[in-house]
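Please look over the sequence and the three-dimensional structure shown here before reading on.

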Amino acid sequence: MCGIVGLYLKDLSLEPQLGALFAPMLISMSERGPDSAGFAIYGDEVADDWIKLTLRHEDPNFAWQALAEAFKQNLQCEVLWFNNDKVAVFKLQSSAAAAADYLLGNHRDVQLLSTGHSIEILKEVGTPGHISATFNLPGMRGTHIIGHTRMATESAVTMAGSHPFSTGLDLCLVHNGSLSNHNRLRQWLLRRGVHFATDNDSEVAAGYLTWQLQEGASLREALSQAQEDLDGFYTFAIGTRSGFAVLRDPIACKPAVMAETEHFVAMASEYRALASLPGIQEAQVWEPEPATIYAWERGSEGSTQ
Amino acid sequence: MKSIDLQNTPLRELNQQLHQQASELGEPQWQVLNPLGQHNIACGLDQKLRVDIHGHTGYFCAGMNQQAEVVIHGNAGQGVAENMMSGSVRVKGNASQCAGATAHGGLLVIEGDAAARCGISMKGVNIVVGGSVGHMSCFMGQAGTLVVCGDAGEALGDSLYEVHIYVAGSVKSLGADCVEKPLRQEHIEELTALLDAAGMDHDPSQFKRYGSARQLYNFSVDKTESY
């Protein structure tokens with residue numbers, strides 16, 4: 001089943017409230033996904049010559065300070081970090097590749113959940129309410145956020161199966177549905193240099209978009225081509241550094257509803273996830289059309305359907 | 001009139017109170033506030049009630065309705081009036097997919113648009129949509145009437161049995177075994193009555209009629225009466 005939710009602010013004065021607005025949306029989708037939950041939040045950007053990583057370690061007492069020192073010495077760079085439960089956000093004056101290589105060579109026990117300039121991914125096994133409280137989601141600020149509540153069908157209830165998935169810089173995807181050609185597509189993408197951390201079908205969709213964007217496609221072009229190359233059922237919500245998009249497959253079995261006001265754009269699997277948003281009674285509320293790309297990009301006006 | 005605010009009354013309590021009216025009618029007029037997209041609001045009614053729901057509803061609102069008149073002053077989620085037997089359901093806004101699915105009787109009016117699969121497997125209900133319907137509408141429709149004042153999406157009436165379909169606007173494509181048929185006087189009359197019942201102001205002669213070519217299912221003209 002699964003529930004997906006997204007909130008993209010048009011009115012940036014709401015940035016300090018992003019987490020508080022979003023937490024009830026995520027929690028309202030508990031019945032659709034009680035097994036694990038997570039979210040990707042965008043904001044708090046680092047400079048272009050810095051990189052931001054979200055890291056996770058099974059040990060809640062993991063020595064993050066020691067890892068910070070190791071980054072400093074080995075990558076010869078400035079390091080800022082803070083941790084939040086089992087997750088830590090690291091900001092390095094270095095490159096994503098150098099940081100990932102160092103972790104791969106020296107700290108295979110540390111999971112790399114996201115890399116980029118803006119994105120932070122926080123996810124755990126457990127109910128959405130538990131995840132929201134663990135990471136203090138209501139206290140978070142940012143520009144846009146997408147989240148997922150998982151009812152496991154395609155693979156086990158583990159961290160590896162928890163959404164959101166990020167396979168490229170600042171790119172994140174949440175998925176309600178199931179893909180049927182993910183194994184073959186994963187092999188195809190592996191040969192083109194895309195890395196995968198799990199066997200999950202949704203990660204393949206994220207990897208596919210990453211590859212398309214690396215090849216120079218715009219988000220809209222990548223999603224357009226995805227409709228040709230991805231086989232299965234899906235409603236996707238996609239986040240990029242400055243953008244937000246929603247796409248349903250042509251059959252459109254998986255639900256989705258969207259709402260827009262002058263202050264925000266929101267999407268959810270069901271309307272009740274939007275019911276707590278301010279001004280929702282006056283919002284434009286609609287069901288996204290099948291096989292239609294809905295995208296918003298900061299710096300451009302409105303939706304570019 | 002009895003007013004129930006779903007922000008401070010559990011949904012089951014509302015539905016229980018409405019169901020109790022079936023055995024003894026104590027209050028015919030009901031108003032529901034703050035539905036907040038909850039599922040299964042006012043399901044399984046079986047009494048001549050008037051229920052006004054102010055706001056957007058979730059899945060299966062007014063499902064299995066008998067006799068009652070339910071008005072949703074907002075949008076409806078999936079499966080509104082699913083399996084309705086009699087009475088009427090009116091959606092002032094838009095409806096999500098599978099509106100009126102498998103419904104046997106009564107009148108479903110959607111003033112806005114209905115999404116995909118409107119009237120899927122309908123079995124006798126009359127559905128009037130003021131706007132457009134999405135793809136696969138009236139899939140395997142068995143009996144009843146679907147009136148669309150706007151456009152219809154892909155594969156309208158796929159695997160159709162005996163539903164009468166009327167569309168004023170364009171049809172993106174017809175499903176298997178669904179064909180356009182001539183609009184005769186008897187159809188104008190049927191359509192006029194339904195548009196009147198729904199309170200829609202359209203010229204019946206502007207509609208096109210679609211129905212089953214009867215090539216896919218085992219239709220026998222000798223048994224027409226039983227369809």
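This is a predicted model: local features need pLDDT of at least 70, side-chain atom pairs count only at pLDDT 80 or more; totals for chains, interfaces and linings use all residues.

Residues are numbered from 1 along each chain as its sequence is written, chains are lettered from A and ligands numbered from 1 in the order in which they are written, and side-chain values use heavy atoms, with hydrogens and water left out.

Helices (H or I, at least four residues) and strands (E, at least two) are DSSP runs, numbered from the N terminus. Helix 6 of chain A is mostly covered, with 12 of its 14 residues buried. Here buried means under 20% relative accessible area, exposed means over 50%, and partly exposed lies in between (1.4 Å probe, protein chains only). Among the buried residues of this helix are Val204(A), Tyr208(A), Leu209(A) and Trp211(A). The buried residues of helix 6 pack against strand 9, strand 10 (171-179), helix 5 (182-190), helix 7 (219-229) and strand 11 (232-239) of chain A, where contact means heavy atoms within 4.5 Å.

Both ends of helix 6 of chain A deserve attention. After the helix comes Gly216(A), whose phi is positive, near 105 degrees.

The next topic is the interface. Chain A places 14 residues in contact with 13 residues of chain B. About 1,100 Å² is buried between chain A and chain B, and carbon and sulfur atoms give 47% of this area. Buried area is the accessible area (1.4 Å probe) that two parts lose on being put together, summed over both. In chain A, Tyr271(A), Arg272(A) and Glu287(A) lose the most area to chain B, together 38% of what that side buries. The side of chain A that touches chain B has nine nonpolar residues, one polar and four charged. In this division Ala, Val, Leu, Ile, Met, Phe, Trp, Tyr, Cys and Pro count as nonpolar, Asp, Glu, Lys and Arg as charged, and the others, Gly among them, as polar. Across the interface there are eight residue pairs in polar contact, both residues being at pLDDT 80 or more, and zero salt bridges, a salt bridge being a side-chain nitrogen of Lys or Arg within 4 Å of a carboxyl oxygen of Asp or Glu.

On the side of chain B, Gln97(B) sits in the loop between strand 5 (88-91) and strand 6. Gln97(B) counts as buried because its relative accessibility is 4%. A polar atom of its side chain lies 3.5 Å from the backbone oxygen of Cys253(A). Beyond its neighbours within four places in sequence, the contacts of Gln97(B) include Ala252(A), Glu287(A), Gln78(B) and Arg117(B).

Glu287(A) leads on to Arg248(A), as a polar contact of 3.4 Å joins the side chains of these two residues. Arg248(A) belongs to strand 12 (residues 243-248) of chain A, and its relative accessibility of 2% makes it buried. The backbone oxygen of Lys254(A) lies 2.8 Å from a polar atom of the side chain of Arg248(A).

Some backbone features remain. Most residues other than glycine have a negative phi, and most peptide bonds are trans. In chain B, Leu36(B) has a positive phi of about 50 degrees and lies in the loop between strand 2 (29-33) and strand 3 (50-54). Ser121(B) has a positive phi of about 55 degrees. Leu36(B) is partly exposed at 25% relative accessibility, whereas Ser121(B) is buried at 16%. In chain A, a cis peptide bond joins His163(A) and Pro164(A), with omega about 0 degrees.

How values were computed: A polar contact is a pair of N or O atoms within 3.5 Å; within protein, one must be able to donate a hydrogen and the other to accept it, and residues adjacent in sequence count only if both atoms are side-chain atoms.
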